[in-house]
Number of protein chains: 2
Amino acid sequence: MEVCRLEREISQAVIRRMPRYYRYLGELIDAGAERISSNDLSSRMNVTASQIRQDLNNFGGFGQQGYGYNVKYLYEEIGKILGLNEKHHMIIVGAGNLGQALANYVEFEKFGFAIIGLFDVEPDLKGHSVRGIRVYMMDELEAFIKAHSVDIAALTIPKSRADMIANRLVELGITAIWNFANVDLELADKEVVVENVHLSDSLMQLSYNIKKQVT
Amino acid sequence: MEVCRLEREISQAVIRRMPRYYRYLGELIDAGAERISSNDLSSRMNVTASQIRQDLNNFGGFGQQGYGYNVKYLYEEIGKILGLNEKHHMIIVGAGNLGQALANYVEFEKFGFAIIGLFDVEPDLKGHSVRGIRVYMMDELEAFIKAHSVDIAALTIPKSRADMIANRLVELGITAIWNFANVDLELADKEVVVENVHLSDSLMQLSYNIKKQVT
């Protein structure tokens, strides 16, 4: 059923591993590597070679028998799979420490995500800027989104206001939300792409693994 | 094979869902709910009822036919599974915006994680404090860890220094690392518990899902 390969749904588990491949390949490029065998990549990444082949076969392969992978080519292809060749305009709603931390990540721009504004309700922050990115007030949101064709919002606000603000952002044209509020958003529009970073969940997983280690 | 149930390894996929159950049950408690059927929990959480039953059966069940789940009991039991009844001392290494954002999360303490110090190399930060948590200099690390029996370190530093500092922390007695540096740590001691929050990976996954939505 070779023909169906690109048609079927690729599991989120596979997708979740792709950024990691991308990261390792980027490090290989920085180190001057031109090609790598699936065995070498496997031992570096601590994933079986067959897992790597299986994962990449979801997208059509990229390896050559007896050669392995061309590092730069594979890096670029995975970048395209992840959509990193597209350009996006992102705003950060919530200019507290976490919002400012995100604004300071220069590398997000390398992936096509330009952070073009921070928003907050705190009047003291008005006119401030973080790495040249200005902080606006929430009442400037509508005009800003329209003027700058913003498609993504990172939400770094308390969970109590998250649903309300997320739905407002969607009404204003935002199509994707990177959600740091500690709640699963309930959105009226089910087509919106949501990616959650639940820090508490992560800490609880750490807690479980500590407990498991001890027992 | 009832007897083997608690012996076998529980998959990380199941564990990854536990904090979410815990979060929803916490919200139910706040809303005054005393019991919930697996169907109700299922529709709230957007997970099938059979998935919920299967997940919880890994730990012995907790539900009663015709009654459903006792919310408070289930909340407490999942808390114990996750080890949230244990107390931990955590330090944050890297007192930039992200480190300060973590220090400001009051709820981590509810899960048993007391943040007792921030560390940085920036002399300007010396003596400052965030929500009453003091910023120390890196050369105070060793004495501090010994004096306060610290077991966990959150790493909010650039990836270039992450391996070196993580290994030093482990030498000083840290047994678990909550890693925000954008790299998979290479630790000499393989027993150390590591939980990664790779923000770039998360953003790439968002990127993939945007691209998928469009096509």
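## A parallel strand pair

Strand E4 (residues 113-120) and strand E6 (residues 133-137) of chain A run parallel and are joined by 3 bridges. Strands are DSSP runs of E with at least two residues, helices are runs of H or I with at least four residues, and both are numbered from the N terminus. Two strands count as paired if DSSP finds at least two bridges between them. Opposite A:Val135 in E6(A) stands A:Leu118.

## Basis of the model

This is a predicted model, in which local features need pLDDT of at least 70 and side-chain atom pairs count only at pLDDT 80 or more, while totals for chains, interfaces and linings use all residues. Residues are numbered from 1 along each chain as its sequence is written, chains are lettered from A and ligands numbered from 1 in the order in which they are written, and side-chain values use heavy atoms, with hydrogens and water left out.

## The sheets

In chain A, 7 strands form an open sheet with mixed pairing, in the order E5-E6-E4-E3-E7-E8-E9. Strand E5 (129-130) and E9 of chain A are at the edges with a single partner strand each, so one side of each has no neighbour in the sheet. Strands of a sheet pair through backbone hydrogen bonds, either parallel or antiparallel.

Chain B has an open sheet of 7 strands in the order E5-E6-E4-E3-E7-E8-E9, again with mixed pairing. Its edge strands are E5 (129-130) and E9 (193-196), each of which pairs on one side only. Within chain B, strand E7 (residues 152-155) and strand E8 (residues 176-179) run parallel and are joined by 4 bridges. B:Leu155 stands opposite B:Asn179 in E8(B).

## The interface

Contact (heavy atoms within 4.5 Å) involves 61 residues of chain A and 60 residues of chain B. The area buried between the chains is about 5,700 Å², and carbon and sulfur atoms give 57% of that area. Buried area is the accessible area (1.4 Å probe) that two parts lose on being put together, summed over both.

Across the interface, the rule finds 30 residue pairs in polar contact, both residues at pLDDT 80 or more. A polar contact is a pair of N or O atoms within 3.5 Å; within protein, one must be able to donate a hydrogen and the other to accept it, and residues adjacent in sequence count only if both atoms are side-chain atoms. Several elements of chain A each supply at least two residues to the side that touches chain B, among them helix H1 (12-30), strand E3 (88-93) and helix H9 (199-214). The largest share of this side, 15 residues, comes from H9(A).

## Salt bridges

The structure holds 16 salt bridges over all chains, where a salt bridge is a side-chain nitrogen of Lys or Arg within 4 Å of a carboxyl oxygen of Asp or Glu. In one of them, the closest N and O atoms of A:Arg17 and A:Asp55 are 2.7 Å apart. This pair links distant parts of the chain, with A:Arg17 in helix H1 and A:Asp55 in helix H3 (residues 49-57), 38 residues apart.

The rule finds 6 salt bridges across the interface of chain A and chain B. B:Arg23 and A:Asp184 meet through their side chains in a salt bridge (3.5 Å, N to O).
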